[in-house]
Amino acid sequence: MNNLYVGEDPVVISHALLSAVVLEQSPKGEAETIVEREPVRFNDVKELSLSYKRILRIDNMWEFTALTKLQLDNNIIESIQNLFYMPNLKWLDLSFNRIEKIENLDQLVNLEDLSLFSNNISVLENMDKQQKLQVLSIGNNCIEKLDNVLYLRALESLGSLGLAGNPCAEDPEYKTYVGAFLRNLTYLDYRLVREEWRAEGLKKHSYIIEEMELLEHRDEFEKEKKEKQSEQEERFREAFVEGLSGGQLFDQLFEDDKDGEHLSNLQGADEIRETLMDEFLAEKDALLGDIANAIDFAEETGINDETEESIDKAIQIYSEHCQKLWSQLMGSEVVLNDGLEEVIQEFGRNLTDMVSSMLEATQVLFAQLRDLEAGFTEQITELALHVLEKVIRNDEDVELPLETAELFTDKEVVMSLVAGSHDAHMQAIDGREDTMTSRLKTWLQSTIANMLKLPSTRREEEERNRSRVIEINHFLDKQRDELDDFDVPRVQVLEDDI
């Protein structure tokens, strides 16, 4: 600790302290009620102030999960920590403490207002997750370099920034620099950012800003690309075909192929391998296309229940069709209950057909991959034997690494290399097919079993339907009673009017 504690001893955040503070800050008239239902319900508290408590460490606040506003200003806190269980926090005040580093804020993704005024911070960092941050007060700290503000460009919602009191704020270009590089900023040190500041800064730093924007656009593009790839991989995983996108399966063939490493040194082996890769990818793309069609088929044949919407529409015209509505509701219930099992069975048949088609396509794919591997092995064998003959004849045009050349002295050794490489490739193909087929069959069995095994589910559906019908029936009865009690004014016809 760099600072000496003067006066009272540091305070630890304890349950007793938190209870006392919550009771003290509760609205008048509620404190007694809270005491009666001890212990205090910390998880209901939305706002909490722990200012001027000589707190040294943020701790023991894990129950305050609903907190949206937290004041910890004017204490002796030396580090930001233990706030990760407050994801709803929008307003955090850590001003007038002894914090030296911005850290441990990743979970506070909803933070809108952050005050770190008057601390010992020297670098702006670790706020990437605070994309909703609108106000940042970090004046009276130790930030010396003006280019620290460049980090804040990633915070697109930031509209107000307080930096006054830092060494960097004494720079003659302070206002123009901040105005130019933080284009979304509206207020600097609680004053409106003037357009002339921004224009002057843009004029002076235009080249740097343009280059920076290009890099930011590239980074954003790469980020979106990775997100799309991640979504696609997740979709493939759910469809049991993960590892088939791109050249992943092809690369897997050669990962553990020690024998193949020597064979790859043969002149011409690279061309054979590239041909195999192209054919692998073509077959893989065909399978993924079939899977996409199967997914579309599944979405088209899904169960779609619009009964609730029909009922709600019928209720709106109850005044003329009350009895008709009741008959429709009862009829809908009968149809739904009688047809539920048939619908489930039909869905199961559709699902089984879809999986069978996918398994057939999978078998065809992997059979073709085995054929391609066999062709590849045949070509590699011919190439290896040809090189062996040259080595035996001591041809000078044979160039091989020493370790590989030592193996090319005997035909049996060479054939053993080829066989070992082929076995490694076939093992990778067989293993991937077995895993994919097994997972797909298990998923199908589990899905159909879950649909058929629970008559209780159908009973719950029946009870829900009946409950809904009874509820609407009570509503209709109420409307009928009100209509029966409603007196229609009648016009009295006088004899003089006849």
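These are my notebook entries on one predicted protein model.

**Entry 1: overall make-up**

I started with the chain as a whole. I counted twelve helices and ten strands in the protein chain. Its length is 498 residues, and buried residues make up 35% of them.

**Entry 2**

I traced the strand order next. Eight strands form an open sheet, and I read the order as β2-β4-β5-β6-β7-β8-β9-β10. The pairing in this sheet is mixed. Which strands are the edge strands? They are β2 and β10, the latter covering residues 191–192, and each pairs on one side only.

Strand β8 covers residues 160–162 and strand β9 covers residues 187–188. The two run parallel, joined by two bridges. Across this pair, I found Ser 160 opposite Tyr 187 of β9. Asp 189 is not a glycine, yet its phi is positive, at about 55°.

**Entry 2: the largest nonpolar core**

I listed the members of the largest nonpolar core and got 59 residues. Which of them touch the most other members? I noted Leu 48, Met 61, Phe 64, Leu 70, Met 86, Leu 92 and Leu 161. The elements that give two or more residues are α1 (15–25), α3 (174–181) and α4 (195–238). Of the elements, α3 gives the most, with five residues.

I followed up on α3. Seven of its eight residues are buried, so the helix is largely enclosed by the rest of the structure. The buried ones are Tyr 174, Thr 176, Tyr 177, Val 178, Gly 179, Ala 180 and Phe 181.

Then I turned to α1. Its buried residues are Leu 17, Leu 18, Ser 19, Val 21 and Val 22. I checked what they pack against and found β1 (11–12) and β2 (47–49).

**Entry 3: Phe 64 and its ring partner**

I left aside neighbours within four places in sequence. Phe 64 is then in contact with Leu 18, Val 22, Phe 42, Val 45, Leu 48, Tyr 85 and Met 86. Two of these contacts, Leu 18 and Val 22, are among the buried residues of α1.

Next I ran a search for aromatic pairs over the whole structure, and it gave four. Why is the pair of Phe 42 and Phe 64 stacked? The ring centres of Phe 42 and Phe 64 are 4.7 Å apart and their planes are at 15°, so the pair is stacked. I placed both residues. Phe 42 is in the loop between α2 (31–36) and β2, and Phe 64 is in the loop between β3 (55–57) and β4 (69–71), so the pair ties together parts 22 residues apart in sequence. Both Phe 42 and Phe 64 are buried.

I also checked for a charge over a ring. Lys 69 lies over the face of Trp 91, at 4.5 Å from the ring centre.

**Entry 4: Tyr 52**

I looked at another positive phi. Tyr 52 has phi near 55°, and this residue is not a glycine. I located Tyr 52 in the loop between β2 and β3. Buried or exposed? Tyr 52 is exposed, with a relative accessible area of 64%.

**Entry 5: cysteines**

I searched the whole structure for disulfides and found zero. Cys 142 is partly exposed, at 34% relative accessible area. Cys 168 is buried, at 2%.

Glu 433 came first. I found it in helix α11, residues 411–452. Its relative accessibility is 11%, and the cut-off for buried is under 20%, so Glu 433 counts as buried. What does Glu 433 touch? Not counting residues up to four places away in sequence, I noted Thr 362, Gln 363, Phe 366 and Arg 370.

Glu 261 came next, and I placed it in helix α6, residues 258–263. Glu 261 counts as partly exposed, at 44% relative accessibility. I also took a distance across the chain. The C-alpha atoms of Glu 261 and Ser 421 are separated by 8.6 Å, with the two residues 160 residues apart along the chain.

Technical notes: Residues numbered from 1 in each chain as written. Predicted model: local features only at pLDDT ≥ 70, side-chain atom pairs only at ≥ 80, totals over all residues. Heavy atoms only, no water. Core = buried A, V, L, I, M, F, W, Y, C linked by side-chain atoms within 4.5 Å. Buried < 20%, exposed > 50% of the residue type's maximum accessible area, 1.4 Å probe, protein only. Helix = DSSP H or I, 4+ residues; strand = E, 2+ residues; numbered from the N terminus. Contact = heavy atoms within 4.5 Å. Pairing = 2+ DSSP bridges. Phe/Tyr/Trp six-rings, centres within 6.5 Å; stacked < 30°, edge-to-face > 60°. Lys NZ or Arg CZ within 6 Å of the ring centre and 35° of its normal. Disulfide = S-S within 2.5 Å.
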